[in-house]
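Please look through the model below.

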Amino acid sequence: MSVQEKLAAARSGNSAKPAGEPSPAVAASTAPAPAGPPKTMSVKEKLAAARAGGTTKHAPKPATADQTDAPPAASPAVGAMSVTEKLAAARAGGAGRPAPAPAATSAAPAAKPGGMSVKQKLAAARGVATAPETATVETASSPTPVPAQVPTAAPRVLPPLAEMTDPRDLAEALRRAGAKKDQEAAARPAVATSAAAAAVPARPRREDVLGERPDRSQVRVDRRGLFVYATWWVVVGWLAFAAALALLSAMMIRYLFPNADAEPPSTVKVGLPTDYEPGDVSERFKDQWGFWIVRNVDDRGRDVIYALQTYCTHLGCPPSWLPGEQKFKCPCHGSGFYKDGANFEGPAPRPLERYKIGLADDGQIVVDKGQTFRKDLDQWSDPDSFLAV
Amino acid sequence: MHQDVTPEVLAGLAWYYLLASALNAAASGYVAYHEMVAEGASREGLAPRTRRFPEWLSLAVVGLYGAALVTVPFRWLLPGGLTVAYGLASLANGLLALTAGADAAHFAEVHGSSGTQADETAGGGPSLDDHVPAVGLGGPINRTLWSLVWSVVAVVFQAIGLTYFFKGPLILPRFVRAGVDYAAGPTTVFLGATLLFAAVVAFRRVFAGGLVAFGIVDLALLAFGLSLTDADFREIVAKPDNVPIVGLIVLVAGFTWFALRRAVINDARREADLPVLEALEPDKVLTWPDLVYTELICMVALTLFLIVWAVVLPAPLEQPAKATEAPNPSKAPWYFLGLQEMLVYFDPWLAGVAFPSLIILGLCAIPYIDANKEGSGYYTIAARPFAYVVFLFGFLVLWIVLIVLGTFLRGPNWNFFGPYERWEPHKVVPLNNVDLSDLVWVRALGRAKPSWALLREAPGLALLAFYLLALPPVLLRTVFQDYRARAGLTRSLTTVVLLLMMAALPLKMILRWTLNLKYVIAIPGFNI
């Protein structure tokens, strides 16, 4: 007689009388008769009755199993009953109860031989009435102890994991899960054997799984769950990132082709040639346009007007026109230029540059900043570089 | 508009000379009372001192300065409070200086009469009274004499300060200023700095002595104080931009002198087969508290200093930036003014890119081309004169002097102005420069320059080829023969080329000043 039987017997008040040799045939047929007097009922009967009472309320699957009374596998002897069956029984018993956790926990120590998937174990630990494969394996008259009444194996009553508030509960649950994992690891070779394969449970149906889908806080417990969950989030995240990047790139490329060209016009009319006295250096256009208009006598004795760029050829500082000394002088490094733009002192390596100059149809002078003329390249003889008056 | 002295300037100068006087009074007290033990000397065997700083004197000086410090913030309570404070402080200076001088004379008398007083030396051995400077710095000094000298200087400075305080317009004579301005020029400044540097290195034993150094400090204080009476000088020196340079001069001079002094002492000690000063120091000190305390104190002091500086000297913001108008003069940050000065003499790519890169590369190369194993871990000049002179010439003359020149002596249009000269934007300085090709073809040969660029620049190209290709082998066979034997061809060649590059700057400057030479080679885009 197994311990469970003894315990069950003790519970039912027949502690003194052992339950004799268990007969496997009893269970299935007599299960739906819970009303029998305790004295005459065997332990198995009592258990079956208890289970039936519990399962019929809530969980449909075990109930149907009970009703059909046709387990595909032959009802095993009590001693030969597989762990899966025992657990299924325990789970079925717990399904209708308000505090189902003890059922699972009490079953846990008995789970040594293995044959149970991790998911099942977890489901058991969670105490949720999933009733997975039990529909097929259910043996109504299994002698599994009625969990709620087992006094020794469940020292601690754990609420469902999701509702846990006491950290000690959580620790306990973790400890048990760890113990189970160890056992499973120890029993793995056994699983591979055909004996275990005989009891391979059918896959749980999808709606059942959905019904107990772990919420976010439980994802951590099940790594495969995490993987499954992460996948589509990752895809969505990368898609969003790629979209944002593409949008940003498009904006940047678009930025390179502005709608309006803010470049100021390169040509400007600076008035009639007669506006400039001989020898004048006009600073009117220095600030906005960056050139001086100079009327001067050139090397060949011609009276010419030209536009000198206001950037020092040394490092680009703007020189100042000093009328007293009749020269341009750079404040940065002291380069000096004559009125015709030729450098004569300081570090500037070459003369100031001239802009293109010409006459418009209305007789005004037009300066075009789009073209420059350098003396060191002999460009000052170009007719566009000066305007003969 | 430019007044040489205003009441504010006079008041400032009065306090300036008060501090100068305090410095000299402290020096007098140091020489008179302090147990002076020279660097590297041991106290062992020296009889106890006969000199003590009188307690009443310390009480009096601290009390007078304290009273002056208290009076300054409460001067609104007391009419003429500032005068009272100044009087108290100057009284403390005079008291300290005169008492120190008198006591020094007294100690000398007691010491000379070989002792009748209780705390004197017993026996005829040397005592802490007899100050013998460190090895290499000359014989014993006459403490009485030097205490009296610094006392007199302190009293004179205090008298000058009092003159300014009572509005005595003591200003630098005009002819002195005119003379200095006349003599000043880039040439004089650069050559003067070079000569001064050579003199300091040559007569380093003289300069390393504390008395000579302090005398130079006094002269500098006097010269600076007198120069401050000139409005133009004051305007440039007191500009918030330029104040760091004044501090930089003091710091550079101080640290250079300190290193020079240690080197002179070490050299003399090595000659006398004594361990160098650094060997006498303990090898290791504790991180806590020695290092951490020092760092903490430095941190606090520096923070305080920076805060005071930031409050007292506001940031020198100028007019809003404008693309077509540059401030005149347009100056780089002070630490770049040496480079900006180089830009006057060289093409931008050379002075702005090539030379700075070469400076950095050359500094990086020093550890690899240095074949001299002497002088590691201690100051010395005699063991490595070449390294010392070359490095300090590059740092002091070619960098610091150029910064000072660019800061104080370059005015509008980058013209040179004397220290007391008005920054006149219309000053006309003839800067007509000619290229080497002009000199050769036009002036020497009396013909027109060839139009073909390579022929036109042939003299410059030849000169460059000589300088960079012919000179290194010649130098390696003559001056650097020993170095080449020690260091090998690669290192010695690198050293010589780097040296020639370094020498190119002063050479080009001299050519500019003497021949108005603009470029040796003037090919557009490649000017040297």
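Contact means heavy atoms within 4.5 Å. This is a predicted model, in which local features need pLDDT of at least 70 and side-chain atom pairs count only at pLDDT 80 or more, while totals for chains, interfaces and linings use all residues. Residues are numbered from 1 along each chain as its sequence is written, chains are lettered from A and ligands numbered from 1 in the order in which they are written, and side-chain values use heavy atoms, with hydrogens and water left out.

Q: Among the contacts in chain A with a separation of 6 or more, what percentage is due to residues 24 or more positions apart?
A: Chain A has 14 helices and eleven strands; helices (H or I, at least four residues) and strands (E, at least two) are DSSP runs, numbered from the N terminus. For its contacts with a separation of 6 or more, the share from residues 24 or more positions apart is 56%.

Q: What percentage of the contacts in chain B between residues at least 6 apart in sequence joins residues at least 24 apart?
A: Chain B is built with 20 helices and two strands. Of its contacts between residues at least 6 apart, the part that joins residues at least 24 apart is 74%.

Q: What percentage of the residues of chain B counts as buried?
A: Buried means under 20% relative accessible area, exposed over 50%, and partly exposed in between (1.4 Å probe, protein chains only). In chain A, 40% of the 389 residues count as buried. For the 528 residues of chain B the figure is 39%.

Q: What share of the accessible surface of chain B belongs to carbon and sulfur atoms?
A: Accessible areas come from the Shrake-Rupley method with a 1.4 Å probe, and for residues only the protein chains shown count as cover. Chain A exposes about 21300 Å², with 61% supplied by carbon and sulfur atoms. Chain B has an accessible surface of about 28600 Å², and there the carbon and sulfur share is 72%.

Q: How many salt bridges are there over all chains?
A: Side chains of opposite charge can pair when their charged atoms come close. The rule here asks for a side-chain nitrogen of Lys or Arg within 4 Å of a carboxyl oxygen of Asp or Glu. Over all chains, the count of salt bridges by this rule is 23.

Q: Which residue forms a salt bridge with B:Glu278?
A: The closest N and O atoms of the pair are 3.1 Å apart, and the partner of B:Glu278 is B:Arg262. B:Glu278 is in helix α11 (residues 277-280) of chain B and B:Arg262 in helix α10 (residues 243-271), 16 residues apart. B:Glu278 is buried at a relative accessible area of 17%.

Q: Is B:Arg384, which meets B:Asp370 in a salt bridge, buried or exposed?
A: The N to O distance between B:Asp370 and B:Arg384 is 2.7 Å. Both lie in the loop between α14 (348-369) and α15 (385-409) of chain B, so the pair ties together parts 14 residues apart in sequence. B:Asp370 is partly exposed, with a relative accessible area of 28%. Because its relative accessibility is 17%, B:Arg384 counts as buried.

Q: Where in chain B is B:Asp438, the salt-bridge partner of B:Lys449?
A: The closest N and O atoms of B:Lys449 and B:Asp438 are 3.1 Å apart. B:Lys449 sits in the loop between α16 (436-444) and α17 (453-456), eleven residues from B:Asp438, which is in helix α16.

Q: How much area do chain B and chain A bury between them?
A: The size of an interface is often given as the accessible area lost when the parts come together. Buried area is here the accessible area (1.4 Å probe) that two parts lose on being put together, summed over both. In this interface 29 residues of chain B are in contact with 22 residues of chain A. Carbon and sulfur atoms carry 51% of the buried area, which is about 2000 Å².

Q: Which residue of chain A forms a salt bridge with B:Lys322?
A: Across the interface of chain B and chain A the rule finds one salt bridge. The closest N and O atoms of the pair are 3.5 Å apart, and the partner of B:Lys322 is A:Asp287.
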